[in-house]
Amino acid sequence: MTPRLRTGQLVAQLIDVSVRRGDKRVLDGISLSINCGRVLALLGQSGAGKSTLLHVLTGELAPSGGEIDSGGHDLKKGTVHQAPLLFPWLTVRENAGLGQTYAANKDVPPELVDELLELLGLTAVENSYAEEISGGQAQRVALARALAIAPDVLLLDEPFSALDPLTRAELQTWLRRQVTERGWTTVMVTHDIDEALVLADEIVLLGAGGRIAHRWTHRPESQDGPSGSSAGRAELRAEIQAAYHTAAKEPDHV
Ligand SMILES: Nc1ncnc2c1ncn2[C@@H]1O[C@H](COP(=O)(O)OP(=O)(O)OP(=O)(O)O)[C@@H](O)[C@H]1O
């Protein structure tokens with residue numbers, strides 16, 4: 001699965017994006033870039049607008065103001081939610097290959113489903129139905145389904161939050177390794193600072209009033225091995241934690 005864009009190339013740019021829902025301003029003046037082969041983590045307290053921002057990126061929600069510039073590319077987006085949302089009457093293989101049945105994905109090689117099932121350790125259960133597999137396996141199927149359309153960008157809304165800590169850590173490590181090796185572009189919503197530190201090259205903290213409170217660029221440890229970076233990581237973790245708490249205390253603006 002080779003990305004259509006070059007590593008580092010701009011996949012999309014949000015310029016001064018705002019979203020209102022009823023009387024409430026949920027996002028305000030959001031400007032950020034999504035670059036090919038990088039992971040962007042959206043952090044923030046509950047209600048900060050993380051999922052709303054992801055829905056703007058998936059195209060499910062039109063911004064009330066500002067613009068999204070994808071450089072003229074018709075971006076293919078692979079989405080994974082907190083719940084795997086598998087069809088119970090389809091097998092693991094059929095669920096994973098679902099996106100390939102759409103006309104827009106006719107150019108994607110069907111063998112990609114095999115490759116992803118193998119990569120995600122699902123080959124042994126490929127003929128099982130959703131209710132016959134574990135939660136961790138189901139979330140892997142959701143990941144396979146999103147990746148099987150060879151997306152330009154992977155959009156993840158807390159995809160590992162319902163998993164046990166061991167499975168979560170395993171999938172985080174897997175995803176980071178694949179992103180590094182294969183150049184997958186990813187935007188991920190998370191509550192979890194450690195998850196952001198393991199996965200992301202850039203961390204954006206949404207604060208009060210739906211504005212960006214802080215942003216950090218970062219080299220995830222697993223990219224180069226842990227050598228020498230744990231002190232820096234602990235420092236960054238403390239800094240993010242402090243900013244997170246400060247942002248949570250700021251008054252909201254309508
Ligand atoms: N369909 C909707 N109609 C009106 N307001 C909404 C709707 N969905 C979300 N909101 C409001 O938008 C704000 C941001 O919600 P959003 O779900 O984006 O936050 P979040 O940071 O993802 O929260 P969480 O971490 O709890 O999932 C909240 O105040 C929420 O009440």
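Leu-205 stands opposite His-214 in strand S9; strands here are DSSP E runs of at least two residues and helices H or I runs of at least four, numbered from the N terminus. This is a predicted model, where local features need pLDDT of at least 70, side-chain atom pairs count only at pLDDT 80 or more, and totals for chains, interfaces and linings use all residues. Residues are numbered from 1 along each chain as its sequence is written.

Two strands count as paired if DSSP finds at least two bridges between them. Glu-202 has Thr-217 as its bridge partner in S9. Five residues lie between the two strands, and Gly-209 takes a positive phi near 70° in this hairpin.

Now the sheet. Strands of a sheet pair through backbone hydrogen bonds, either parallel or antiparallel. Here six strands form an open sheet with mixed pairing, in the order S5-S6-S7-S3-S8-S9. S5 (77–80) and S9 are the edge strands, each pairing on one side only. On average, neighbouring strands of this sheet are turned by 15° against each other, direction ignored; the axes are lines fitted to C-alpha atoms, for helices over the stretch in contact, with angles from 0 to 180 degrees between N-to-C directions.

Next, the domains. An automatic or database assignment sets the bounds, giving domain 1 as 7–75 + 153–254 and domain 2 as 80–151. Their C-alpha centres lie 24 Å apart. Eleven residues from domain 1 and nine residues from domain 2 make the contact, which requires C-beta atoms, placed from the backbone, within 7 Å. On the domain 1 side, strand S6 (residues 153–157) supplies the largest share, four residues.

Leu-154 is found in S6. Is Leu-154 buried or exposed? Leu-154 counts as buried because it has 22 C-beta neighbours inside 10 Å; the cut-offs are 20 or more for buried, 12 or fewer for exposed, and partly exposed in between, with C-beta atoms placed from the backbone. Beyond neighbours within four places in sequence, its contacts include Gly-78, Ala-146 and Trp-184. Thr-79 is 75 residues away from Leu-154 in sequence, yet 6.0 Å away in space, C-alpha to C-alpha.

Last, the ligand. Residues around it, with a C-beta atom placed from the backbone within 6 Å, include Arg-21, Lys-50 and His-191. Helix H1 (residues 50–58) gives the most to this shell, with three residues.

Notes
Contact = placed C-beta atoms within 7 Å.
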